[in-house]
Amino acid sequence: MPAEDSLVAISSSQEGLVNPYAPPAGPAAIVIFGAAGDLTRRKLIPALHNLGTANLLGEGIAIVGVGRADLDDGAFREQLSGALKPFSAGPDDVRVARGLAANARFVSGTFEDRRTFERLAQVLARVEKEDGTGGNALFYLATAPEYFAPIVKALGATGLAGEAEGRWRRVVVEKPFGCDLESARRLNRDLLETLKERQIWRIDHYLGKETVQNLLVFRFGNGMFEPIWNRRYIDNVQITVAESIGVETRGGYYEGAGALRDMVPNHLLQLLSLVAMEPPTSFEAESVREEKSKVLRAIQPLSPERVLTQAVRGQYGAGLSRDGPSLAYRSEERVSRTSATETYVAVKLAVESWRWADVPFYLRTGKRLARRVSEIAIQFRRPPLRLFRDTPVEHLSRNALVIRVQPEEGIALRFGAKIPGPTVRVGNVAMEFRYEEAFGTRPSTGYETLLYDAIRGDATLFQRADMIEAGWSVVQPILDAWKEQPPSGFPNYAPGSWGPKEAQELLERDGRRWRRIEE
Ligand code: BG6
């Protein structure tokens, strides 16, 4: 292998650029189960590439793919090069791409076959010797969820999960982590039979998003927000994760999952816990995770009666959306024509703590909505109107702090200002911070930080077993109540809308409205 093709060469040739606050990660073998799949091609490989070009991958990194595909090392390297082509704009990109592909290996075999793991053991021994991976291995489970437990069991049985002095072994587990509370508990138990908790890295890609990580800095690194971050000043919190696309080719998976399972126990509750957590004592993983976990445990479980009034489900029909005519969910590929699966969910939750008592958290997510947007809106209490009694002002809007997670990441503060003129009239204005304007953009898939942290051993952005179970405990009563009572009136919202009318009513009953998101 020519020296310039190796990652060793990449990092040493740019030594001067290494950031002392973010030292390169490694050495380690990155073993991807499901290496021929979509996640690997679209996210993991581009993320590793972005880490490489940012000088965040050190010496001794080797990618090892494992999968059923009948590939040898050469064919796998070609596949990797193909996945990296769109990123090969400049000479650095080309060098990194070549470096990643050059020492990649592939182990072909099924996950049920012990011999696959024996071959993997041989390959790991080889990359340790030839590429200097130090015997470290990050096993990334980018497979269908039914393989998570069997793969980990096989890693244990073949001695691959065992750590030794100076050599770590970690397993990254993708979502979905279980499909309800019981199955999540079972999966945790199964994994813990082979692995120690500190070896299990449960990933949620929402925590890889820059704005989401910024929440901690925003709240605790500024003096002006924390004092008003409580029930005395905040009226309600609205978390929206809206998608304009439908289920696309994932009908098979989505039919059994639905919007609630797919998005709420993981992504939405992660956002909620970052908004609602108490200040941790440090940025150490355990300190941050403990505070997040406490919030999840403080969410009041919904009784079956409350589910009827506090949770709304919807399913998109056919119609004309932004991108033209679109099919109803029931007409999508691998979806039942009478499907009762929800593609939209809105829920009102209460966090029973001194800070948050009586502040509703409204969560909503769905597919085929008006636009793609994820945001957290903190709505402050209204000021008394009395001062304005002799003016034309009849109504004062709530001040809102809007944290835009995607797209156009940023933070906006919305408040009232006097409209110029002789009478007192109030208009709504905003002060905005946009990430791109302030800091420029870096190419990102959202997986860069997560992979970097997993290789470096920083678990702050990963979920502990108890957090996963606490998330499922919140949604389990809704799953149960909905199972008991199949939905009537599906489909109940038009593509390109903001969801079913019941979701509007959910807030209207409380004298509130969803924040209007500009189209
Ligand atoms: C995934 C869900 O976890 O997140 C998908 O399974 C959803 O259904 C996706 O589309 C949304 O992620 P993002 O990063 O595009 O908001």
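How far is an oxygen atom of the ligand from an N or O atom in the side chain of R372? The distance is 3.4 Å. The structure is a predicted model, in which local features need pLDDT of at least 70, side-chain atom pairs count only at pLDDT 80 or more, and totals for chains, interfaces and linings use all residues. Residues are numbered from 1 along each chain as its sequence is written, and side-chain values use heavy atoms, with hydrogens and water left out.

**The ligand site**

The residues around the ligand are K175, H205, Y206, K209, E243, R250, D262, M263, H267, K367, R372 and Q406. A residue is counted here if one of its heavy atoms lies within 4 Å of the molecule. Helix α9 (residues 251-276) supplies the largest share of this shell, with three residues. Helices (H or I, at least four residues) and strands (E, at least two) are DSSP runs, numbered from the N terminus.

| Side chain | Ligand atom | Distance |
|---|---|---|
| Y206 | oxygen | 2.4 Å |
| R250 | oxygen | 2.8 Å |
| R372 | oxygen | 3.4 Å |

Taken alone, the ligand exposes 400 Å², and the protein buries 83% of that. Accessible areas come from the Shrake-Rupley method with a 1.4 Å probe; for residues, only the protein chains shown count as cover.

**Helix α3**

Helix α3 runs over residues 73-84 and has 12 residues. From its first C-alpha to its last it reaches 16 Å, close to the 16 Å expected at 1.5 Å a residue. That expected span is 1.5 Å times one less than the number of residues.

Which residues of α3 are buried? They are F76, L80, A83 and L84. These residues lie on the same side of α3, because they cover an arc of only 95° around the axis. The arc is that of the directions from the helix axis to the C-beta atoms. Buried means under 20% relative accessible area, exposed over 50%, and partly exposed in between (1.4 Å probe, protein chains only). The cover over the buried residues of α3 includes the helices α2 (38-53) and α4 (91-102) together with the strands β2 (61-67) and β3 (105-108).

Q476 is part of helix α14 (residues 465-484). Its relative accessible area is 15%, so Q476 is buried. Not counting residues up to four places away in sequence, Q476 touches D180 and L181, where contact means heavy atoms within 4.5 Å. A polar atom of the Q476 side chain lies 2.9 Å from the backbone nitrogen of L181.

N230 sits in the loop between α8 (210-220) and β7 (234-242). With 18% relative accessibility, N230 also counts as buried. Its side chain reaches the backbone oxygen of P227 at 3.2 Å. Beyond its neighbours within four places in sequence, N230 is in contact with R355 and W356. N230 and R355 are 125 residues apart along the chain, yet their C-alpha atoms are separated by 5.1 Å.

E375 belongs to strand β13 (residues 373-380). E375 counts as buried, at 1% relative accessibility. The side chains of E375 and R515 are joined by a polar contact of 2.8 Å. Leaving out residues up to four places away in sequence, E375 touches Q238, I239, T240, V402, I403, R404, V405, R515 and I517.

**Backbone features in loops**

Where does P27 lie? P27 is in the loop between α1 (7-13) and β1 (28-33), and the peptide bond from G26 to P27 is cis, with omega near 0°.

Another cis peptide bond joins Q406 and P407, with omega about -20°. Q406 is also one of the residues surrounding the ligand. P407 is placed in the loop between β14 (400-406) and β15 (410-418). That loop between β14 and β15 also holds E408. E408 has phi near 50°, a positive value in a residue other than glycine. Is E408 buried or partly exposed? E408 is partly exposed, with a relative accessible area of 49%.

A positive phi is also found at D358, near 70°, again in a residue other than glycine. D358 lies in the loop between β11 (344-350) and β12 (360-366), and D358 is exposed, with a relative accessible area of 64%.

Terms used
A polar contact is a pair of N or O atoms within 3.5 Å; within protein, one must be able to donate a hydrogen and the other to accept it, and residues adjacent in sequence count only if both atoms are side-chain atoms.
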